[in-house]
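Please keep the sequence and the 3D view open side by side.

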Amino acid sequence: MAVSISTAPRTVKKAATLTLKRRARWGEAIGEAAVKIVALTSIASVVLILIFVGKEALPVLTSSELHKELTFGGMFRPSAAGYVWQPVSEVPKYNIVPLFVGTLKVTLVSLFVAVPLSVAAAVFVAEFAGRTAREIVKPAIELLAGIPSVVVGFFALVVLATWVQSIFGTEHRLNTLVAGIALSFAIMPVVFSVSEDALRAVPDSYRQAAIALGSTKSQVVLRVVLPAAAPGIAAAVVLGFGRAIGETMIVILATGNAALLDFDLGHSVRTVTATIAQELGEVVVGSAHYHLLFFLGALLFLSTLVVNAGGERIVSGMRRKLGGGS
Amino acid sequence: METDKLMSSIDRRLFVGVFILGALGCSRPDATGAAPAGSTSTGTTSALAPSAGSTSVTLKGSDTMVILGQRWAEDFMKEHAGTTIQVTGGGSGTGIAALINGATDICESSRSMKDAEKADVQSKRGAPAVETRVALDALAIYVNEKSPLKEISIPAVQKIYLGETKNWKELGGPDHAIILYGRENNSGTYGYFKEHVLQNKDFAASVQTLAGTSAVVNAVKGDPYGIGYGGIAYLEGIRALSVKKDDSSPAVKASIDTAQDGSYPISRFLYFYTAGPAAGTAKDFISWVLTPTGQKVISDVGYYPLPKH
C-alpha cells in the first residue's frame with residue numbers, strides 16, 4: 001500500500017510536465033500535494049507512536065524512583081527464584097528473558113513451517129502452474145491474509161491444539177508448536193506474495209539462456225531462477241519474521257501464556273506481545289510495571305528494526321554479488 | 001533493471017510494513033477489549049458523569065459478570081422502555097480503572113475494591129466509591145470429566161498452583177504431570193484466587209494464563225490432565241471438585257446453600273461500584289437488581305442469589 005503512495009507522485013509528475021497544458025497542471029499540483037499530505041500523515045503517525053512509546057518506556061532506564069522496584073540487572077539476570085516474570089506479586093519479579101525467548105521460539109517455529117511451504121508454493125505458481133491453476137492457488141493463499149487473527153487463534157485453541165497433542169503427545173495442550181503452526185498461517189501470505197513477486201521479476205532472458213544451454217525445467221528453476229530471486233526471497237522471510245514477531249491475538253489464544261524458560265516445543269510459552277496485551281489493561285498508570293510494558297514494546301520495535309536492517313544488508317549484498325547492475 | 005526496480009519496491013514495502021507491524025505490536029492491547037492505558041489519563045469525564053436523569057447507563061468490568069450483567073440489562077430494558085444499558089467486560093481491574101477515570105457509570109467487579117483504588121475514585125471523581133453486593137459466586141476447581149478425582153482440599157490446591165505438587169499421582173490420580181490453567185492478572189478471579197487460595201504467594205510459572213473463564217473451561221475440557229479455576233456458572237463439559245477447607249474438614253460441594261451459609265470455603269460476593277450514590281436510571285437499575293425479579297436472573301445464569309437476611 002505504501003509503495004503506491006510513495007512512487008505514484010514521481011511518475012505522475014513526469015507525465016504531467018511532458019503532456020499536460022498549464023491549466024491542467026494546477027489540478028495536478030493540488031493532487032500531488034494531497035497525496036503528499038496523505039503520505040506524510042502516515043509517517044507522522046508512526047513517528048508520534050514512536051515518541052509516545054519511547055517517552056513511556058524511558059523511565060525504566062532513567063527514573064531512580066522505579067529502580068527501587070525494578071533494576072536493570074533484575075530484568076535480565078536470574079533472581080533467587082530463577083528467570084521469573086511475576087509482575088503482580090508482593091515482591092514483583094520482572095525478568096523479561098523468558099518473554100523474549102518465548103517470542104523467539106514461536107516465531108522461529110512459524111518461519112520453519114511457513115517459509116518452505118510458501119516458497120515452494122511461490123515457485124509452483126510462478127514457474128510451473130498453468131493459468132487456471134495459478135488463478136486458483138494464488139488468490140487462495142492470499143485469502144489467508146484476510147482471515148482475522150482472532151479466528152486463526154480460536155481455530156488453533158479449539159481444533160489444532162487437539163491434533164497436535166494427539167500426534168506429537170505434547171505435555172501442554174497449548175504450546176509453542178501449536179502457536180507456531182497457527183502463526184505460520186498468518187505469515188504465509190506475506191512470504192508467498194513477496195517470493196512470488198521476486199520470482200516473476202527474474203527476466204525471461206535468464207530462463208531462455210538456461211534452456212538454450214540444454215537445462216531441464218527443474219534445473220532452470222533450481223540453478224537459475226531461485227538464485228536470481230534469492231534477495232527477494234530473503235526479503236520475504238524477513239518480512240514474515242516481522243509479521244510473526246508482532247502478532248498478538250493468535251499467540252494469546254494458542255500459546256497458553258505461561259512464562260516458562262526452556263526450549264521444549266511441547267511447553268507453553270508467553271510472548272512479549274501477549275504480555276503487553278494481557279497486562280496493559282489493568283496496570284496502574286505510572287507504576288514500574290506500566291513503564292516496563294512500554295519498555296517491552298520499545299524493545300520489540302527495536303529488534304524488528306535491527307532484523308530489518310540486517311535483512312536489508314543481506315539483500316543488497318546478494319544483489320551486488322549477482323551483478324544485477326545499478 | 002526491472003528486477004532492481006521491483007527489489008527496491010519490495011524493500012520499501014518491507015520497511016514500511018515492519019514499521020507498522022512493530023507499532024501495532026505495541027498498541028494492540030485495545031484489540032483484546034481491555035481499556036487502552038492512555039484512556040486512564042485522558043478520561044472522558046464530562047459526558048459520562050453519574051447519570052442524573054439520564055436514561056443510558058454503562059456497566060463495565062468483570063468478565064465473570066458479563067453474562068449476568070447482560071441478562072440483567074435485557075430484562076431491565078424490557079420492563080423499562082426507553083432505557084439503554086450497555087454491558088462490557090475486560091476484567092474487574094479494567095472496570096475499576098474505568099470507574100476511576102469516569103468511563104463507566106457502574107463498575108462490575110468480582111473482588112472488593114482495594115483501599116488505593118477507593119482513594120483514586122475519591123480524588124478523581126470527587127465522590128466516594130459506593131459498594132453494592134449484587135450476587136454470590138462460588139469459585140469452582142475444574143477438572144476434566146475423565147479425571148478420577150472427586151474432592152480436593154484448599155491446601156492441596158495451593159500446592160498445585162504454587163508448583164509444589166506436580167503430578168496427579170500424588171493426589172491418587174494417574175501418573176501424569178498436572179497441567180495448570182488460570183486467568184491473566186487483570187482478572188478479579190485471579191486476584192481472589194491468589195489472595196484466598198494461594199495466601200498471596202506467587203503462582204507457579206507453568207500456569208497457563210487464558211483470557212476469560214470460558215477459555216479456561218475450554219482448555220480443561222480438552223485436557224484430561226488439566227486443572228483450572230473459575231466461576232461456578234461455567235460448568236459445561238467439565239467437572240467441579242468438592243472442596244475441603246483443610247485436610248481434616250468434610251468435602252463440600254458448591255451449591256446455593258453451601259455458598260449462602262459460607263460452608264463452601266471459596267465463595268465470594270460479586271459487586272457493583274459507583275462513584276457516589278447512584279442516581280437516575282443507574283439507581284433504578286441497581287435497586288431492580290436487588291429485587292426478587294432481578295435476583296431470579298442470577299440463578300438462571302448459574303450464580304447464586306444473595307442470602308436473604
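## Strands, domains and confidence

In strand β3 of chain B, I106(B) is the bridge partner of L59(B). That bridge belongs to the pairing of β1(B) with β3(B) (residues 106–109), which is parallel and has 3 bridges. Strands count as paired here if DSSP finds at least two bridges between them. Helices (H or I, at least four residues) and strands (E, at least two) are DSSP runs, numbered from the N terminus.

Before going further, please note that this is a predicted model, in which local features need pLDDT of at least 70 and side-chain atom pairs count only at pLDDT 80 or more, while totals for chains, interfaces and linings use all residues. Residues are numbered from 1 along each chain as its sequence is written, and chains are lettered from A and ligands numbered from 1 in the order in which they are written.

β1(B) (residues 56–61) also pairs with β2(B) (residues 84–88), again in parallel, and V57(B) stands opposite I85(B) there. Between β1(B) and β2(B) the chain passes through helix α3 (residues 66–79) of chain B, making a right-handed β-α-β crossover. Right-handed means that, with the strands pointing away from the viewer, the path from the first strand over the helix to the second runs clockwise.

Another strand to look at is β8(B) (residues 226–231), where 6 of 6 residues are buried, that is, with 20 or more other C-beta atoms within 10 Å of their own, C-beta atoms being placed from the backbone.

| Strand pair | Sense | Bridges |
|---|---|---|
| β1(B) and β2(B) | parallel | 5 bridges |
| β1(B) and β3(B) | parallel | 3 bridges |
| β4(B) and β8(B) | antiparallel | 5 bridges |
| β6(B) and β8(B) | parallel | 2 bridges |

Within β8(B), G231(B) faces L139(B), and I227(B) faces L180(B).

Now to chain A: its domain assignment, from an automatic or database source, gives domain 1 (2–72) and domain 2 (85–321). Their centres, taken over C-alpha atoms, are 26 Å apart. Contact (C-beta atoms, placed from the backbone, within 7 Å) links 9 residues of domain 1 to 10 residues of domain 2. On the domain 1 side, α2(A) gives the largest share, 4 residues.

How far can chain B be trusted? Its pLDDT, the predictor's confidence in each residue from 0 to 100, averages 80. Over residues 1–53 of chain B, however, the pLDDT is below 50. For the complex, the predictor gives an ipTM of 0.72 and a pTM of 0.72.

Key
Contact = placed C-beta atoms within 7 Å. Buried ≥ 20, exposed ≤ 12 C-beta atoms within 10 Å, placed from the backbone.
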